[in-house]
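User: I would like to go through a protein model with you, one part at a time. Could you start with a term that I will need?

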Amino acid sequence: MTSFTFYGITEDRPSTRWQALFDTVWPAYRAWYLSEGDWARPDLATAEAKLREHMPELVPTWERLVELTGNDETAARMLTLWNPPRFLPGCSQVAMSSPEPALLRNYDYGLELFEQVHASTRYGTRRVIGTSDCLWGLLDGLNEDGLAVSLAFGGRPGDGDGFAAPLVVRFLLEVAGDVPEALRRLETVPVSMYYNLTMVDATGRTVTAYVGPGMAPEIIEDPVATNHRGRHPDYPDHARRFRSVERQELLTEALEDGRGVEEMAEAMLAPGVWSGDYDNAFGTLYTAVYRPLRGEVEYRWHSRSWTRSLNSPEEMIVVTLDDDSTEPVDLSDSGTASSNAGTAGSAHSGGGTRFTAADAHADPGVEAVAELIASAREAINGLAHSPDPAAFTALISLSSEVGEALGTSARLLAEHNSWARVAELADVSRQAAWQRWR
């Protein structure tokens with residue numbers, strides 16, 4: 001059994017409570033944010049400009065957060081959540097219209113990647129409650145008008161210019177009172193990766209918006225969403241590894257059977273939908289049941305539940321997770337995974353590959369690799385000591401290519417060996433290797 005503490009924090013405007021959270025988790029978030037190198041992230045001027053352009057309502061809060069960090073430039077960049085590193089949680093989502101409006105979701109991820117905070121805030125004109133991520137984003141949440149939104153990875157790899165989905169969820173809950181308004185506002189916000197955003201409002205309107213970089217939101221009139229687009233996965237290998245279609249079908253069947261909110265919550269925690277594969281960052285950390293008409297969310301586990309409302313005082317609980325998985329996910333073939341922003345207790349290691357003499361003795365084929373390494377180092381050193389501007393441009397290009405090559409090599413190694421072997425060679429945890437190179 002694995003236990004963790006879930007904190008319920010209430011603070012209308014960012015102040016000492018948020019600052020304490022930042023002081024605790026910032027080393028982890030900083031390591032995650034810079035895991036691909038400082039150059040891979042946008043400069044502050046660009047990131048701030050994008051926030052002001054697309055989500056101006058959040059700018060005063062962002063400015064206050066930056067002030068609380070001591071005007072740390074890296075923190076300021078990260079907190080815009082413009083073009084962040086990739087993070088791809090699993091998750092299952094169901095939006096219900098009757099017998100009352102409700103949004104149910106399983107958050108499937110690794111515990112060490114979970115912030116473990118329920119936040120109650122009034123950053124703008126609306127009170128917003130939800131599960132915190134990226135220090136001020138939300139994995140799921142509800143506002144006082146009765147709009148509830150949650151996110152799930154959409155199953156398509158890759159990323160592009162845009163904001164991290166948790167900040168988009170925060171934005172929608174801050175500025176929209178119902179589903180139609182949320183969809184209108186969503187059209188103005190670029191999203192950095194592919195996600196399913198499932199919504200319900202106090203009138204019972206339900207919808208899923210499939211979003212991603214460089215595309216307009218695709219509105220899907222489907223109350224059930226897992227980790228693929230619509231009903232037919234564009235990337236069936238990913239869907240198969242995470243049983244995305246099977247989870248969607250089980251929840252659709254339960255919904256079509258006319259189950260109420262309580263029965264649907266039980267279905268979310270039942271075998272086939274619930275996952276105990278925490279070692280591979282695909283364990284159900286909580287089931288959340290949002291009830292817009294009541295203004296509350298109930299977090300559920302097999303052993304207990306915890307209800308937070310728009311008016312709940314601060315408190316915390318200790319949660320015990322079941323760690324037996326009914327359907328272990330095999331992630332050893334071609335290596336896909338989730339990755340996230342960091343947690344209150346651990347940092348994401350960037351890590352780098354190492355080559356040692358012991359490896360050469362263990363594998364005769366490594367001698368050829370050593371020769372390639374020597375040649376590559378000689379070429380890079382030659383470029384580094386050339387005054388020709390073309391040499392500098394070439395090094396910038398190569399740095400990007402090396403990053404892509406590391407991912408290709410890691411996935412190939414995992415396919416023929418294991419992610420544990422990748423982690424061993426990179427001198428990082430298996431989770432860190434998996435989330436970086438997936």
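Analyst: Let us begin with the word "contact": it means that heavy atoms lie within 4.5 Å. Please keep in mind that this is a predicted model.

User: Good. Which residues is Arg 41 in contact with, leaving aside its neighbours within four places in sequence?

Analyst: Arg 41 is in contact with Tyr 33, Glu 36, Arg 77, Asn 83, Pro 84 and Pro 85. With Glu 36 there is also a polar contact of 2.8 Å between the two side chains.

User: Where is Arg 41 found? And why does it count as buried?

Analyst: Arg 41 is found in the loop between α1 (16-33) and α2 (44-54). It counts as buried because its relative accessibility is 10%, and buried means under 20% relative accessible area.

User: Asn 83 was on that list. What is phi of Asn 83 near?

Analyst: Phi of Asn 83 is near 50°, which is a positive value in a residue other than glycine. Asn 83 lies in the loop between α4 (73-80) and β2, and it is buried, with a relative accessible area of 17%.

User: What else lies in the loop between α4 and β2?

Analyst: Cys 91 has its place in that loop. Phi of Cys 91 is near 100°, again positive in a residue other than glycine. Cys 91 is buried, with a relative accessible area of 0%.

User: Which residues does Gly 160 touch, not counting those up to four places away in sequence?

Analyst: Gly 160 touches Asn 83, Ser 192 and Pro 213. Its place is in the loop between β7 and α5 (165-175). At 25% relative accessibility, Gly 160 counts as partly exposed.

User: How far apart are Gly 160 and Pro 84 in space and in sequence?

Analyst: From C-alpha to C-alpha, they are 9.6 Å apart in space, and 76 residues separate them in sequence.

User: Let us change topic to the strands. Is β9 covered or uncovered on its faces?

Analyst: Both faces of β9 are covered. Thr 206, Thr 208 and Tyr 210 are buried on one side, and Val 207, Ala 209 and Val 211 are buried on the other.

User: How do β8 and β9 pair?

Analyst: Strand β8 (residues 195-200) pairs with β9 in the antiparallel sense, over 6 bridges. Asn 196 has Tyr 210 in β9 as its bridge partner. The hairpin of these strands has 5 residues between them, and Gly 204 takes a positive phi near 95° there.

User: How many bridges join β9 to β10?

Analyst: There are 3 bridges between β9 and strand β10 (residues 218-220), which run antiparallel. In β10, the bridge partner of Tyr 210 is Glu 218. β9 and β10 form a hairpin with 6 residues between them, and Gly 214 in the turn has a positive phi of about 70°.

User: What about Ser 150: is it buried or exposed?

Analyst: Ser 150 is buried, with a relative accessible area of 0%. This residue lies in strand β7 (residues 148-153). The side chain of Ser 150 makes a polar contact with the side chain of Gln 93, at 2.8 Å. Beyond its neighbours within four places in sequence, Ser 150 is in contact with several residues, among them Asn 196, Leu 197 and Thr 198.

User: How many cavities of 30 Å³ or more does the structure hold?

Analyst: The structure holds 7 of them. The largest cavity has about 160 Å³ of space.

User: What lines the largest cavity?

Analyst: Its lining has 18 residues, and Ile 9, Trp 18, Ala 119, Thr 121 and Tyr 123 lie nearest the centre. The lining divides into 10 nonpolar, 4 polar and 4 charged residues. At least two lining residues come from each of α1, β4 (117-121) and β6 (137-143), and β4 gives the most, with 4 residues.

User: One last local detail. Which peptide bond is cis?

Analyst: The bond from Ser 98 to Pro 99 is cis, with omega near 5°. Pro 99 is in the loop between β2 (92-96) and β3 (102-109).

User: Finally, what makes up the protein chain as a whole?

Analyst: The chain has 14 helices and 16 strands. Of its 438 residues, 55% are buried. Among contacts between residues at least 6 apart in sequence, 68% join residues at least 24 apart.

Methods
Residues numbered from 1 in each chain as written. Predicted model: local features only at pLDDT ≥ 70, side-chain atom pairs only at ≥ 80, totals over all residues. Heavy atoms only, no water. Buried < 20%, exposed > 50% of the residue type's maximum accessible area, 1.4 Å probe, protein only. Pairing = 2+ DSSP bridges. Polar contact = N/O pair within 3.5 Å; in protein donor to acceptor, adjacent residues only side chain to side chain. 1 Å grid on protein atoms, 1.4 Å probe; cavity = no way out; pocket = protein on both sides within 12 Å on 5 of 7 lines; lining within 4 Å. Points joined across faces, edges and corners; volume = space filled by probe spheres on them. Nonpolar A, V, L, I, M, F, W, Y, C, P; charged D, E, K, R; others polar.
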